[in-house]
Amino acid sequence: MKRIITVLLLIILSVASDLKAQMNIEGDFQMRWYTDSFSETRDNRNRENYTRYLSRLRGSVRASRNITFHTQLSSIIYNETQSARNIGGTGKMQYVINQLYSELSESNVLFFDVLRLRAGRQAFGIGNGLSWGESYYYTDKFDGFRADAALYDFTLSLFGAITGQNLSESGLYPEPGSDQIYALRVGREIYNQNVIGYMINQKLRGSFNDHVIFGGGSTGTFLNERLEYFAEFARQDFNTAPGLPAKGGIGYMGGISYRFPLWLFRSVKVESRYAAYEGDDKSTPEQEIFSPSYASFFWGDRFGYVNGEIGGTFPNRGRNRDGSRIWYNRFYVIPAAFPDLRIQLQYLKINEYKDNDGYNTFDDELSLRLYYRIYRNTQLQLRYSMSFPNEEDRDINNSGLLSSSEDRYSYQRFMAELRVVF
């Protein structure tokens, strides 16, 4: 018996040492310190100081020549819906596994050049995030299957996942009813441009709760390699009950940038981006709305973040029926004498897509940022930003009183961040 146990231990140790030799661990950590100063507020708030943290640990283990196991553990204190996002000491640290999947990759299988299969919890971004983006805020979403195939110049991706499940009252076992999402993406390089087309079908539990999105886009360079662009367009249609108005709308985004050396600067970049989410036009019988559940991109500070599940300036599920227009501009330089320093100035303007009530509920944002690489994998960021409303206070709900949500105020923010990648 002792000999058998000894042999088993030797086998386990040999396997463990083999796995250890093929294991890859990487991750990143950031800590931010904020101080916000408010003005023109009705609740007489003055200054708030708080901290935010994020850490991610990613690991992969190669089990065989073509099978790999991946996982990602994140600890996070983020809350995009609050002005003082988790003041230090008042919020709980969350630990989540936002990726946990196995991957099988094989070349020259069936009639494909490459075939890759994934099963488990995983991210699946499409394009530039207009209809579906990748974000670590989706901490417990997308448990499903993914298949990627390549043939000549074409790539094909299929994805299906359960994003929510009904539970019993005790929460110990699932009951019938789940939220599901399915996606198809096709891509090809045409004249050095990356062109994609996609379809997204989300089926929420219950009747008449599904919608379909068809979209496409292109990214690349033109004229020269320094002039880059991207463009994307999508149409969303909702399934509505008989007798109710049709519901659906369009969304689109695009951007252009040019990078060049100039005099005392190693690099100068000028960039402009624009995105639009259609809102309802009250003069038409149809309910116009473009509101994907998992749109995600980040262009600014607080107001430039777009995420269908967390919030931000985005008409998710009727959050803002007038829709949104987001215009982002930035300019940065890298001095030739300080190649590890980047100085960036950016401006974000947000308006209604269809201004039915003559009132813009969004704020503008101006920000100055300094990025300095201390070591190869360590970066310091200093940020000063200002946010100011486009309109004055107004009793939008006609309640006779101004609520906290109707209070339009300005703020100035200073942020210092230390980021380490390993």
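Residues are numbered from 1 along each chain as its sequence is written, and side-chain values use heavy atoms, with hydrogens and water left out. In this predicted model, local features need pLDDT of at least 70 and side-chain atom pairs count only at pLDDT 80 or more, while totals for chains, interfaces and linings use all residues.

The structure holds 20 salt bridges, a salt bridge being a side-chain nitrogen of Lys or Arg within 4 Å of a carboxyl oxygen of Asp or Glu.

Buried means under 20% relative accessible area, exposed over 50%, and partly exposed in between (1.4 Å probe, protein chains only). D363 is buried, at 10% relative accessible area, and R408 is also buried, at 7%. E106 is partly exposed at 25% and R65 is exposed at 63%.

Salt bridges that share partners join E26, D28, R56, R58 and R419 into one network.

D280 is buried yet has no salt bridge. The nearest side chain of opposite charge, R321, is 5.8 Å away (Lys and Arg count as positive, Asp and Glu as negative; His and the chain ends are not counted). Leaving out residues up to four places away in sequence, D280 touches E286, Q287, E288, R321, D322, K354 and N356, where contact means heavy atoms within 4.5 Å.
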